[in-house]
Each structure stands twice: as structure tokens, then as C-alpha cells.
Amino acid sequence: LLPAPLRPGTLHLRALRRLRVLAGGGREGEGQAPRAHEAILRDFNRRISRAGSRGDWHGAVLALEDLEEAAKKSKAAAPNVFTLNALLLAAVESGEARVRVDEAWRRLVDDSQWAVVPNTVSVNTVLKRWFSGKPSDAKSALAEAEAWIAQVGVEPDVMTYNSLIRIAAKGRATLPKAEEYVSVVEDHSVLAPDTVTYTTLLSGYAEAQQIVEAERVFFDRMPQHDVSPTSVTLSVMAKAYLRVARPFDARRMVEFDLSRVEALVEEPSKRRRRRSRRTEGALVLDQRHFNVLLQTRAATGDVNGTLRLLRAMAGRAREGA
């Protein structure tokens with residue numbers, strides 16, 4: 001007897017397809033070419049993305065050129081929006097964002113051969129080109145970013161607004177624009193502000209030494225919109241207080257029991273690493289927050305606390321934390 005799966009009348013669908021192919025029907029191959037092209041495209045996109053994450057612009061371009069060569073043989077393997085976003089990341093991370101972002105855009109969006117349609121991720125990646133620069137350049141950078149978004153015509157999301165807030169918060173003259181964008185997100189019917197929204201605005205007020213505005217954001221608007229501060233938010237507020245010579249307010253903002261600091265230093269490495277991303281007393285113990293703690297204790301004249309913190313920091317450094 002034939003095995004049950006191969007008895008007449010009980011053939012599996014896959015077996016039927018195979019029999020048709022053997023008989024010369026060739027239908028099994030139908031649909032396989034597009035799937036193969038998609039797999040090839042994914043591989044190329046991964047190559048570009050890996051190069052982009054390393055800031056290897058030339059490696060990303062080489063991978064794109066290989067993809068373009070393959071695409072000439074089949075439309076199914078043409079660059080898509082994932083290709084664009086990976087190449088844009090490489091441009092931003094390369095250290096020459098302004099020139100290379102434009103090149104990536106011309107190559108995949110403006111070029112009529114590919115005409116890739118950008119999405120919100122594309123916009124948010126390109127906005128990073130305006131993150132660097134002097135505070136005095138904030139006004140022109142913001143104007144360029146706004147004009148570019150309007151030209152692309154992609155609906156902004158919270159990350160888009162957060163990026164615009166970051167650009168505007170760099171300069172004192174553009175801080176009102178940062179406030180405007182925060183208000184847009186607060187009043188939006190779909191979007192809602194997050195911790196990054198407010199922390200970025202607070203950074204601008206801290207740099208401008210506008211502590212009253214910073215307190216209004218931290219104590220009024222964040223609770224009103226149900227946004228909890230992170231360790232970064234608290235550190236920004238502490239620095240804002242230090243800039244206006246209010247060290248005790250700064251210390252209260254990031255107060256952290258030194259016994260817990262030292263206990264974390266003494267924990268086994270694996271356990272500490274598991275906890276390193278958690279918030280202990282609303283403060284994550286990385287180098288930046290150690291420094292903020294150190295500044296606040298030194299500013300309030302706490303010599304013993306400062307020395308204990310330095311010992312704790314040295315202990316972590318020795319263990320490679």
C-alpha cells in the first residue's frame with residue numbers, strides 16, 4: 001500500500017503542485033521570482049543599514065550600487081523606502097550629513113528612475129542634519145527644517161515635533177518656537193507629548209537660565225499631561241538650578257541615597273548590568289548622572305558626600321562598569 005499521504009484522493013496540495021511541475025506545468029515557479037527578488041532586496045537593505053549604523057557612507061553607497069545593478073535586471077528588486085531610510089542613516093552618521101543627505105535624497109527620491117516615496121521615518125532621520133551647529137545658527141537651521149518638511153509633505157509625528165523642538169531649543173531667540181511646537185503636540189487630537197518633548201524644552205530653558213519657565217514646564221505642564229520625568233529630565237532640571245546658583249534645589253532634584261550608590265557598585269557585574277537600565281530613585285547610575293550628583297553635592301558643600309561619590313565612581317571604573 002502507498003503511504004497514507006500519497007494515496008489517491010489524499011494528495012497534499014504541495015504534492016499536487018510538485019506533480020504539476022514534473023508534468024511540465026511549471027506552476028510551482030509562479031510567484032517564486034518576486035519572493036526571490038524581495039529576499040535579495042532585504043539583503044541589500046541590511047547591508048546598507050549595517051554600514052549606516054557604523055557611519056560607513058562609502059560602504060552604504062557600494063551596497064546601493066550593487067542593488068541598483070541588480071534592479072536593472074528586475075523591477076521587483078528596485079530600491080524602496082527602507083533602502084532610502086538606511087542610506088539616510090548612513091548619511092547622518094557619516095559626519096558630513098548636510099552634503100550626503102542631499103546626495104541620498106537626489107539619488108533615490110528625486111531620481112525619476114527610482115522615485116522612492118519617503119515616509120515619516122525618512123523625515124525624522126533627515127532632521128538630524130540640523131541637530132549640530134552653534135546656538136546662533138538655530139534660527140536659520142529651524143527655517144530650513146520647516147521649509148524642507150513642508151516641501152516633502154509628510155505628516156509629522158511626535159518624533160518630528162521633538163526634532164523641531166530640539167533645533168529650536170538650541171538658541172535663546174528660537175525658544176518661543178520650541179514652545180509653539182510643544183503646544184501643537186499638547187493640543188493635537190492624535191499626538192501626545194512624551195518625556196523627550198518636555199526634557200528637550202527644559203534643556204533650552206536651562207541653557208538660557210530661564211528657571212521660572214523651566215519650573216512651569218516641570219511642575220505644571222508635565223503632570224497636567226501625565227508625563228513622568230526620567231533621570232535625564234531630573235538631571236536637566238538640576239543643571240538649570242545650578243546655572244542660577246540654587247544648588248540646594250538642584251540637589252533635591254536628583255537626591256540619591258549614597259548607600260544605594262555604594263551598594264550598586266558592590267553588586268555582581270551581571271546583576272548590576274540588569275539593573276543599569278532601570279531607574280533607581282528616578283536616577284540611572286551612568287557616568288552623566290554620577291557627574292550631576294557630584295556637582296550638586298559639591299555645590300552644597302557636602303565634602304564627605306562628594307568624596308564617597310568619587311570612590312563609588314572609581315570602583316565602577318575599575319570593574320569596567
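**Group meeting: helices, core and salt bridges**

Trp105 counts as buried, at 12% relative accessibility. Buried here means under 20% relative accessible area, exposed means over 50%, and partly exposed is in between, with a 1.4 Å probe and protein chains only.

Before I go on, this is a predicted model: local features need pLDDT of at least 70, side-chain atom pairs count only at pLDDT 80 or more, and totals for chains, interfaces and linings use all residues. Residues are numbered from 1 along each chain as its sequence is written, and side-chain values use heavy atoms, with hydrogens and water left out.

Back to Trp105, which is found in helix H5. Helices are DSSP runs of H or I with at least four residues, numbered from the N terminus. What does Trp105 touch, leaving aside its neighbours within four places in sequence? Trp105 is in contact with Leu84, Leu88, Asp110, Pro118, Ser122, Val126, Trp148 and Val152. Contact means heavy atoms within 4.5 Å. The C-alpha atoms of Trp105 and Ala91 are separated by 10.0 Å, and the two residues are 14 apart along the chain.

Next, the core. A nonpolar core is a set of buried Ala, Val, Leu, Ile, Met, Phe, Trp, Tyr and Cys residues joined through side-chain atoms within 4.5 Å. The largest one has 79 residues, and those with the most contacts inside it are Leu87, Trp130, Leu201 and Leu202. Helix H4, residues 81-93, gives the largest share of this core, eight residues.

Take Leu202 from that list. Not counting residues up to four places away in sequence, Leu202 touches Ala214, Val217, Phe218, Met222, Thr233, Val236 and Met237. Among the buried residues of helix H12 are Thr233, Val236 and Met237. Helix H12 covers residues 231-243 and has 13 residues. From first C-alpha to last, H12 reaches 18 Å, close to the 18 Å expected; the expected span is 1.5 Å times one less than the number of residues. What covers the buried residues of H12? The cover includes helices H10 (195-207), H11 (211-224), H13 (247-253) and H16 (287-299). Just after H12, Ala245 takes a positive phi of about 60°.

Now the charged residues. Side chains of opposite charge can pair when their charged atoms come close. A salt bridge is a side-chain nitrogen of Lys or Arg within 4 Å of a carboxyl oxygen of Asp or Glu. How many salt bridges does a search of the whole structure find? It finds 20.

One of them joins Arg107 and Glu68, at 3.3 Å from N to O. Arg107 is in helix H5 (residues 97-110) and Glu68 is in helix H3, 39 residues apart, so this pair links distant parts of the chain. Glu68 is buried, at 12%, while Arg107 is partly exposed, at 21%. Helix H3 runs over residues 57-71.

A second bridge joins Arg216 and Glu179, with the closest N and O atoms 3.3 Å apart. Arg216 lies in helix H11 and Glu179 in helix H9 (residues 175-186), so the pair ties together parts that are 37 residues apart in sequence. Arg216 is partly exposed at 34%, and Glu179 is buried at 13%. Both belong to a network of salt bridges that links Glu179, Glu186, Arg216 and Arg221.

The last one is Asp249 with Arg252, at 2.3 Å from N to O. Both lie in helix H13, three residues apart, about one turn of the helix. Arg252 counts as exposed, at 57% relative accessibility.

How values were computed:
Helix = DSSP H or I, 4+ residues; strand = E, 2+ residues; numbered from the N terminus.
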